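Please open the structure in your viewer and keep the selection tool at hand.

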Amino acid sequence: MSSLKILVVEDEDAIRGMLIMVLQQAGFFPTAAKDAEEAQNIIHDNPPDLILLDWMLPGISGVEWARRLKKEPIYSDLPIILLTARGEEEDKVRGLEIGADDYMTKPFSPKELVARIHAVLRRSGKILGQAQICLGDLILDIDQHRLIIGDRQLEVSPTEFRLMHFFMTHPDKVYTRTQLLDQVWGRSVYIEERTIDVHIRRLRKILEEYGRDDLVQTVRGFGYRFSMVD
Ligand code: CA
C-alpha cells in the first residue's frame, strides 16, 4: 500500500507543503498541483489513486473540477476528498452531491486526514491485500470467500463473491448490466447480459438467508444498485 499515489491540489504553498509532508510520512507517494489545470495534466500523465482537492482554487474551483472529473467515465471512480475552509453544512452537502467521496474542513489534524484517506481508499477498494471488506454490518472475508453478517456466515461461490466484492466497494451507485459485465467479468469475456440477472438472483438468494435481499436493488430501465439505504 506504500505505492499509493495521492495528488494534492492546493494553491497555498504552506498548506500544500504540509500536506505533502504528512502524506510522505504516512507512506504515500504524493504529487502536487497549484490549480485544476495543472492537476488535469498530472492525472492524464500519472493517474493517482486519490485526490486531495482544495475547494477554493484560482481559475476553475476545486468543486467545479471535481464535478467535471466525476462525469468522465475514466475518472468517475477516482476518489476525491474535498478540503475547505468553509464549514457550512450546505457546502458539505454540495461537495458530496457532486460526487466527492469525503469532505474535510480546515484546519484538521494530520492524523484525521490520514484516517479519512485510509477510509476512502478502503471503500473504493484501492487498498489491496486486505483480509476483509466491511460495509455497514456486512463483512466479506477475502481469504475464505465468506460473507459475514452479524453472527452468521455463508460461503459464496466465486462469481457471486466477485459480484459482492464489486458491490461492497461501489455502494449506492447504479450500474448497467454492461458496466457490471465489464467490471466483474472483464471486457475480454463474452457473457450475455441476462447472465447477470441469473447471478443477481443467486446473490439475492444468499442475502435472503440473512433477510437482506433488499440490498441489491433493481433500478428499472437501467440496472442494479447495491445500497444499505432503501
Ligand atoms: Ca485555496
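**The two domains**

Begin by colouring the chain in two parts: domain 1 covers residues 5-124, and domain 2 covers residues 132-226. The model on the screen is a predicted one.

**Where the domains touch**

Next, select the contact between the domains, to which domain 1 contributes 4 residues and domain 2 contributes 6 residues. About 330 Å² of area is buried between domain 1 and domain 2, and carbon and sulfur atoms account for 33% of that area. Now select D77, R123 and S124 in domain 1. Together these three supply 83% of the area that domain 1 buries against domain 2, more than any other three residues.

Which side chains meet in a salt bridge? Display D77 and K173: their side chains form one, with a distance of 3.6 Å from N to O. Between domain 1 and domain 2 the count is 1 salt bridge. On the side of domain 1 that touches domain 2, the residues comprise 2 polar, 2 charged and no nonpolar ones.

**The calcium ion**

Finally, centre the view on the calcium ion. Its protein donors are D11 (OD), D54 (OD) and M56 (O), at 2.1 to 2.3 Å from the ion. Along the sequence, these donor residues follow the spacing D-x42-D-x1-M.

Are D54 and M56 buried or partly exposed? D54 has a relative accessible area of 3%, so it is classed as buried, the cut-off being under 20%. M56 has a relative accessible area of 48% and is therefore partly exposed.

Technical notes. Residues are numbered from 1 along each chain as its sequence is written. This is a predicted model: local features need pLDDT of at least 70, side-chain atom pairs count only at pLDDT 80 or more; totals for chains, interfaces and linings use all residues. Side-chain values use heavy atoms; hydrogens and water are left out. Domain bounds come from an automatic or database domain assignment. Contact means heavy atoms within 4.5 Å. Buried area is the accessible area (1.4 Å probe) that two parts lose on being put together, summed over both. A salt bridge is a side-chain nitrogen of Lys or Arg within 4 Å of a carboxyl oxygen of Asp or Glu. Ala, Val, Leu, Ile, Met, Phe, Trp, Tyr, Cys and Pro count as nonpolar, Asp, Glu, Lys and Arg as charged, and the others, Gly among them, as polar. Donors are N, O and S atoms within 2.8 Å of the metal (3.2 Å for Na, K and Ca); water is not among the atoms, so sites may look incomplete. Buried means under 20% relative accessible area, exposed over 50%, partly exposed in between (1.4 Å probe, protein chains only).
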